[in-house]
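Thank you for making time this morning.

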Amino acid sequence: MTIAYADCAAMDSHDTLAHARGRFFLPDNVIYLDGNSLGALPRGALPHLVHVVDREWGDDLIRSWNKNDWIGMPARLGARLAPLIGAAPDEVIVADSTSVNLFKLAAAAVRFRSPRRVILTEHSNFPTDLYVLQGLEEMLDGAVTLHMVAREELEKSLNDDVALLALTHGDFRTGEIHDMRRLTEAAHAAGALALWDLSHSAGAMDILLDGDDVDLAIGCGYKYLNGGPGAPAFMFVARRHQAALRQPLSGWMGHAAPFDFADRYDPAGGMARMLCGTPPVLSMAALEEGLKTFDGIDMARVRQKSVALGELFLNLAETSCADSGFVIASPRDSHRRGSQISLRHPEGYAIMQALIEQGVIGDFRAPDILRFGFAPLYTRYVDVWNAVERLASVMAGEVWRQVRFHARAMVT
Ligand SMILES: Cc1ncc(COP(=O)(O)O)c(C=O)c1O
């Protein structure tokens, strides 16, 4: 069955999330399919940042830490984010980057599960996750070993020496999602904790951290959560573990009484002990507006629309780009897929550059993956239709062969 533009327009007119697109600034003539890398700009961000800079910083100066509750931002934003990932408000806090938060939580977990020595992960985990865990292994010099195995080997590699199973929920290359509940249960059966990196799923689907009995989680603020470039990241620790976990970056913001200026570290209660240094107020203010774009939004509906957008893209691409040499890298089964579709092609980089010039923004991951992300709050069905049509025309006209599309930029 061919799907016509008019069919997509009809789907948009029945879309109960359609109103959310108005919460974003999106440039004319651009189809943005890269919200999985950097979320679009919320309309509220600029006026809010102007207010925070002009009034709170400019007029209130240092009094803002109390008067405008700058000091409460990590916990306040955590509480706002919590329902999007199925957590309680006091189980989430916003701070630092995903990489740093992984270091803190993984170190805390291995200490908690000592004398178990193994951190288990998969080879295809996001590189920063692998690198941070390798750094921890090196620092602990033999006390901890990182086991990297293939995805299919994960469950059988869980044993009574594993302290922590550390995985990313949505694969950054293929969009494949793990069964978080099943793997968490398997980790628990082996006596290990489970830590999930939700960077590619938070804000794109309904996640049930408490419902799935997850121990620890981390994730980016700048992707589907729309927090802006380099936005602070989040951490989740299940309430049952909070008192027992001690993280090694014991900075003053994680102290029980930072303004007592005591000479001994005494960790704060709850999630505050996961903090390290002073919150980046301007970046936090932008993320707060990103999180507001989810006000009143049902995450189950977000997931339904994300699946529908992905299916539409695949169906259209399978018809219009059938002879273009693409291989679908994402699972065909939508239950095993996050909110992105990845296509492999040996000329993927140049094809993506040519497509971007035609106004369709996705991205490329070496060696050969074109990624198309669907942020359900602002992506329309007609956007998917237009994107595939332009992709088909780039392929049919071999536009990507032009030399200028082959020069690699630093960020792909
Ligand atoms: C799964 C995953 N984890 C972590 C990161 C990056 O973390 P950071 O914000 O520390 O650079 C990314 C970035 O794309 C990611 O995809």
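Which residues in H10 meet which residues in H12? Before I answer, a word on conventions: this is a predicted model, in which local features need pLDDT of at least 70 and side-chain atom pairs count only at pLDDT 80 or more, while totals for chains, interfaces and linings use all residues. Residues are numbered from 1 along each chain as its sequence is written, and side-chain values use heavy atoms, with hydrogens and water left out.

Now to the answer. On the H10 side the residues are Arg-301, Lys-305, Ala-308, Leu-309, Leu-312, Phe-313, Leu-316, Ala-317 and Ser-320, and on the H12 side they are Tyr-381, Val-384, Trp-385, Val-388 and Ala-392, where contact means heavy atoms within 4.5 Å. By class, the residues of this contact divide into 11 nonpolar, 1 polar and 2 charged; here Ala, Val, Leu, Ile, Met, Phe, Trp, Tyr, Cys and Pro count as nonpolar, Asp, Glu, Lys and Arg as charged, and the others, Gly among them, as polar. As for the geometry, helix H10 covers residues 299-320 and helix H12 covers residues 381-396, and the two pack at an angle of about 25° with their axes 9 Å apart. The axes are lines fitted to C-alpha atoms, for helices over the stretch in contact, and the angles run from 0 to 180 degrees between N-to-C directions. H10 and H12 are therefore roughly parallel to each other, a label given to angles under 35 degrees, with over 145 roughly antiparallel, 65 to 115 roughly perpendicular and the rest oblique.

Just after H11, Gly-359 takes a positive phi of about 95°. In the loop between S14 and S15 we find Pro-367, and the peptide bond that joins Ala-366 to Pro-367 is cis, with omega about 5°. There is also a cis peptide bond from Ser-114 to Pro-115, with omega near 10°, and Pro-115 lies in the loop between helix H5 (98-112) and strand S5 (118-122).

Let me turn to the loop between S9 and S10. Asn-226, which is found there, has a positive phi of about 60° although it is not a glycine, and at 3% relative accessibility it counts as buried. Gly-227 is placed in that loop too, between strand S9 (216-219) and strand S10 (233-237), and is buried with a relative accessible area of 5%. Leaving out residues up to four places away in sequence, Gly-227 touches Gly-221, Tyr-222, Ser-283, Ala-286 and Leu-287. Asp-69 likewise has a positive phi, near 50°, in a residue other than glycine, but Asp-69 is partly exposed, with a relative accessible area of 32%.

Is Thr-184 buried or exposed? Thr-184, in helix H7 (residues 180-189), is buried, with a relative accessible area of 1%. Its contacts, apart from neighbours within four places in sequence, are Ala-194, Trp-196, Asp-212, Asp-213 and Val-214.

Finally, the chain as a whole. Of the 412 residues, 55% count as buried, and among contacts between residues at least 6 apart in sequence, 72% join residues at least 24 apart.

Technical notes:
Helix = DSSP H or I, 4+ residues; strand = E, 2+ residues; numbered from the N terminus. Buried < 20%, exposed > 50% of the residue type's maximum accessible area, 1.4 Å probe, protein only.
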